[in-house]
Amino acid sequence: MTDHDLLNDDYYRDEIHNTNVSQALELINNAPKIKNDPDLVTEDIISAVQCYRKSISLFPTPEAYTYLGWMYSLTETEDGYRRAIKKCKKAIALDPTFGNPYNDIGYYLLSLGEIDVVGWYEKAKNAPRSTNRLAPYVNLGYHYLNQGKPGRALAEFYCALKQNVWSISLVLKIRNLEESLGSEAVELIKKGSCYNPETPER
């Protein structure tokens, strides 16, 4: 979820005078901000789902579909993830330039045990519009770590740090990887943009 104010988003500037549009965006803004943590409140999730569904009924937006999908994913069941993916694909159909649903699909597919997710994260990274530039780099980095590719993971984490230089957990993860890879490999990785395919894995 995000604190991004859609009522002031340039993407909707030409449509904000439409009452249905402004009400739909306001519902998204006012929906409870739900994050994936152990202290989730069921009532908040239900309230958020109602806000997003009402928003879609007034004026469908990629944000509402994406965030509704996130609510479904919180069940952490196969059905929940698959419902979430369907909502994200509806978001993409509405606005292919919105990066969030690409990132979320990558996460949901991994949660379902699928590993062919790099393309989804790359689309999220390259999308012109996004409310979370950090997520696809971090998620792809951890995916590479789980696949035993620490060099590629480090490259993604470097790019993630450019999106949020204040992330202490990210800084610590980078330091640990740098120590484990060694200075020679680290210098090779740093010479690339996000990742240099010639960088050897350790």
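**Entry 1: Val21**

I began with Val21, which, leaving aside its neighbours within four places in sequence, is in contact with Glu15, Ile16 and Phe59. I took contact to mean heavy atoms within 4.5 Å. The model I consulted is predicted, so local features need pLDDT of at least 70 and side-chain atom pairs count only at pLDDT 80 or more, while totals for chains, interfaces and linings use all residues. Residues are numbered from 1 along each chain as its sequence is written, and side-chain values use heavy atoms, with hydrogens and water left out.

I located Val21 in helix α1, residues 19-30. For helices I followed DSSP runs (H or I, at least four residues), numbered from the N terminus; strands are runs of E of at least two. The limits I applied are under 20% relative accessible area for buried, over 50% for exposed, and partly exposed in between, with a 1.4 Å probe and protein chains only. I also looked up Lys173: between Val21 and Lys173 there are 42 Å in space, C-alpha to C-alpha, and the two are 152 residues apart in sequence.

**Entry 2: Salt bridges**

I searched the whole structure for salt bridges and found 6. The criterion was a side-chain nitrogen of Lys or Arg within 4 Å of a carboxyl oxygen of Asp or Glu. In general, side chains of opposite charge can pair when their charged atoms come close.

I looked at Arg129 and noted a salt bridge with Glu63, in which the closest N and O atoms are 2.8 Å apart. Glu63 belongs to helix α3 (residues 62-73) and Arg129 to the loop between α6 (118-126) and α7 (134-146), so this pair ties together parts that are 66 residues apart in sequence. Both Arg129 and Glu63 are buried.

I recorded a salt bridge between Arg129 and Asp95 as well, again with 2.8 Å between the closest N and O atoms. Asp95 sits in the loop between α4 and α5 (100-111) and Arg129 in the loop between α6 and α7, so the pair ties together parts that are 34 residues apart in sequence. I checked the accessibility of each: Arg129 counts as buried because its relative accessibility is 12%, and Asp95 counts as buried because its value is 3%. Which residues are linked in a network of salt bridges? I listed Asp9, Glu63, Asp95 and Arg129.

I turned next to Lys125, which forms a salt bridge with Glu122, the closest N and O atoms being 3.1 Å apart. Both residues lie in helix α6, 3 residues apart, or about one turn of the helix. Lys125 is buried at 10% relative accessibility, whereas Glu122 is partly exposed at 27%.

**Entry 3: Positive patch**

I looked for charge on the surface and found a patch of positive charge where Arg53, Arg83, Lys86 and Lys90 gather. A patch is made of residues with over 30% relative accessible area and no salt bridge; like charges are joined within 9 Å, and nonpolar side chains (Val, Leu, Ile, Met, Phe, Trp, Tyr) within 5 Å. Helix α4 (residues 78-94) gives the most to this patch, with 3 residues. I placed Lys90 in helix α4, and Lys90 counts as partly exposed because its relative accessibility is 41%.

I found Thr61 in the loop between α2 (42-58) and α3. Thr61 is buried, at 0% relative accessibility. Not counting residues up to four places away in sequence, Thr61 touches Tyr12, Leu25, Ile28 and Leu94.

I then went to Glu76, in the loop between α3 and α4. The phi of Glu76 is near 55°, a positive value in a residue other than glycine. Glu76 counts as exposed because its relative accessibility is 53%.

Asn126 and Glu156 are 30 residues apart in sequence, with 13 Å between them in space, C-alpha to C-alpha.

Which residues does Tyr144 touch, not counting residues up to four places away in sequence? I noted Val118, Lys149, Arg152, Ala153 and Glu156. The C-alpha atoms of Tyr144 and Arg133 are separated by 18 Å, and the two residues are 11 apart along the chain.

Note on methods: Accessible areas come from the Shrake-Rupley method with a 1.4 Å probe; for residues, only the protein chains shown count as cover. Lys and Arg count as positive and Asp and Glu as negative; His and the chain ends are not counted. The place of a charge is taken as NZ of Lys, CZ of Arg, CG of Asp or CD of Glu.
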